[in-house]
Amino acid sequence: MEMEGKGALPKAVAASAVQQTGVAQPPAVGLGGEAVGRRRLPAEALAIGLLCLALVFTTGWIVFDAAVGGSPLLPYSPYITGWLRHVTDQRLSYRIFFGCLLGFTAAYAALLPLAKRIPLRLLVGLLAVLYILCLIGPVLLSTDLFSYIAYARMGVLHGLNPYVSAPIEISRDPIYPYVGSDWIYTPTAYGPIFTLISYPLAYLGVVGAIWGFKVYALLGCVATCWLVWRAALARGLDGRFALFAFGANPLVVIYSLASFHNDFLMLAVMMVAILLALRAPVSAEGGGGQTEPRRGLRNEAWAGAALIAGTLVKATVAALLPFMILGRRRLGTVVGVAAALALGLLAAYLAFGVHGVDIVSALNRDSMYVSTDSFATEVAHLLGKPGIYPIDHTILKGVLLVIGLYLLWRTWRGYDWVSASGWAMLAITVTSTWLLAWYLIWPLPISLAAKDRRLLAATLFIQLLFVVHQLSPLFTPE
Amino acid sequence: MSALADRFAAAVERLPGPLAPLDEEPPRSRRRIRRFEAALLVVAAIGLSVATLHDLVREVNLGLRLHADLVSWEHITGARYHNPLIEQDVKHYTAKDTVCANTEDVKPQGSILVCLIFVGPVRHGLRKAVGGYYLIAAGTDVHEPVLNDYEFRYGCFGRAQREGLCGLSTPPPGAPDRPLVG
């Protein structure tokens, strides 16, 4: 659903759109293509209000029940939410969590078609309330945050290289009991930029560092929301829809933000790269030709550099690199990539030695893990196999390679490089044997800036399948 | 720098015929490719949906079976379970489960767990126990899993005895030694 006939907009309508957002954007359009008036029907406004309340209510229910502690959905962690425990005395059970997740997802799905008509202030207020609720609550679902702290403390307080040593080597450190059992023998898989920015938090003590990483995740999430909004506007798409679709997504709020993952930092830097590239005037983007060549060159170089920075936060961002280079076909991008790569790898080498620059071995190691939520495992079960075998890893890598090559060819022949990047990201998550909820948010911000709207539909569909697969505890006794 | 960028762009544009990069997809080939891609996406979506629903049903059935194991363990031992450890038959992928748990709320490390082997279908929310043993939980590290290994088991009965699962002939001093099931 690419924007067409933009030039034919009535002047008054276009002017009104500029006034509201500061950037030219299409007016709100109904499902039948008719322009929607400024007045909203009372029933529609009521529906929007109730659905927003449902999002807040379900998030609050999860957070306040979790704050009581003693839930199987909470990782073993320091008790930091004692001040919330008087809100309720009910512990977060599987049934409540998945019931709320289902309610949240249903409200999100119902609000998506109405998102363009949610008043901007209400939308921003809604996201602020959801995010504050997550921020004040305990760490849900994942021990990864404690691994971040362990790696930071290893580097800062114990003089160990987190790319060589594993948390087991600091077994007397107060963070050690909270690190997930799966990761105590595993050196960090995160990029050197993330490791370096995590180091200052090691000085805050365990509880201080938990709050520090919570703030990092929140800032990353807010930044990604803003960048998704700007990228959608730069593409002539509806910013409000993009903001809602990313910011209130169930996997973003309930899974990723409530467990405070560093994926948000990765996504924020990735979206900076995409936004800079979209704002560089290149004919393929429908920009202003070569009217501002110097600024365009600068933006291209910075876009390439930002993509490398994202890769040095979490290596997955590297998947976008060939699409940006092939899609842009501009020297500035290549120069930016090369310069940032040289600088980044030098800094990583100086800080962590040769292990700090060896991203490939960490990726190879992680690609051999298997999770029960991965689509590969589901397909294996469907085929009557008990799980994933080594040959399956090879087959899946082959499938991913074929998809990647096809997308590169399409990009070279004129297909939108942002869409191709998003498909590649989606293909990585679907073919991965180690799939976690926060990996499924990777393609979402890209899909909201993509010209090919099938990508958004596919991303949301895959997320829905993931949520459905999570629901088995609803059908079994507690 | 700008002139170099222009030369780079021009060199790329001069590539021959089908190798040449395009700024926009030609409408006719775009429609054809989109139809092909749409068909592939629909097939993939159907395949993944079937796999997801199949796995959901499988997990629900598995959850019901494991719940029945725990209820049966409590039914037989007359105690509430703590620190349960359920091992499934990952060698032959049968419905045989071994449930080990503490009868009191203690740290699993260093304690004695009661293990029962369950087989067969779930009937009235319970499963049939066909054997069992005591298990000494070795280790002191909170991350260390309780190892359900040959050398830590004693007091085998039923199928466990027939299969020779116990490596300890006598219980360690102070450990319970009365038969699990009379």
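**Entry 1: helix H16 of chain A**

I began with H16(A) and listed its buried residues: Phe375(A), Ala376(A), Thr377(A), Glu378(A), Val379(A) and Ala380(A). I note here that the model is predicted. H16(A) is mostly covered, with 6 of its 8 residues buried. What do these buried residues pack against? I found helix H17 (390-412), H18 and H20 of chain A, together with H2 of chain B. Just after H16(A), I came to Gly384(A), which takes a positive phi of about 85°.

**Entry 2: the two chains**

I stepped back to look at each chain. Chain A has 20 helices and 0 strands. Its 478 residues are 49% buried. I checked its contacts between residues at least 6 apart in sequence, and 73% of them join residues at least 24 apart.

Chain B has 3 helices and 5 strands. I read its elements from the N terminus as α-α-β-β-β-β-β-α. Of the 182 residues in chain B, 21% are buried. For contacts in chain B with a separation of 6 or more, 44% involve residues 24 or more positions apart.

**Entry 3: helix H20 of chain A**

H20(A) covers residues 454-469, which makes 16 residues. I traced 23 Å from its first C-alpha to its last, close to the 22 Å expected at 1.5 Å a residue. Its buried residues include Leu455(A), Leu460(A), Gln463(A), Phe466(A) and His469(A). What do the buried residues of H20(A) pack against? In chain A I noted helix H3 (94-111), helix H9 (250-257), helix H16 (375-382), helix H18 (417-431) and helix H19 (443-447). In chain B I noted helix H2 (27-77).

**Entry 4: where the chains meet**

I looked up the contact between the chains. On one side are 34 residues of chain A, and they are in contact with 31 residues of chain B. Which elements of chain A give two or more residues to this side? They are helix H11 (293-311), helix H13 (331-352), H16 and H20. H20(A) gives the most, with 6 residues. I sorted the residues on the chain A side into 20 nonpolar, 8 polar and 6 charged.

**Entry 5: the nonpolar cores**

I turned to the largest nonpolar core, which has 155 residues. Which of them touch the most other members? They are Val228(A) and Ile274(A). Helix H10 (residues 263-279) of chain A supplies the largest share of this core, 15 residues. I also found a second, separate core of 20 residues, which includes Cys100(B), Tyr133(B), Leu135(B) and Tyr154(B).

I followed Val228(A) beyond its neighbours within four places in sequence. Its contacts are Ala242(A), Leu243(A), Phe246(A), Met271(A), Pro445(A), Leu448(A) and Ala449(A).

**Entry 6: helices H7 and H8 of chain A**

Helix H7 spans residues 205-234 and helix H8 spans residues 239-247. Their axes come within 8 Å and cross at roughly 145°. The crossing is right-handed.

Key:
Residues numbered from 1 in each chain as written. Chains lettered and ligands numbered in written order. Predicted model: local features only at pLDDT ≥ 70, side-chain atom pairs only at ≥ 80, totals over all residues. Helix = DSSP H or I, 4+ residues; strand = E, 2+ residues; numbered from the N terminus. Expected span 1.5 Å × (residues − 1). Buried ≥ 20, exposed ≤ 12 C-beta atoms within 10 Å, placed from the backbone. Contact = placed C-beta atoms within 7 Å. Core = buried A, V, L, I, M, F, W, Y, C linked by C-beta atoms within 7 Å. Nonpolar A, V, L, I, M, F, W, Y, C, P; charged D, E, K, R; others polar. Axes fitted to C-alpha atoms, helices over the stretch in contact; angles between N-to-C directions. Left-handed = near helix turned anticlockwise from the far one by under 90°.
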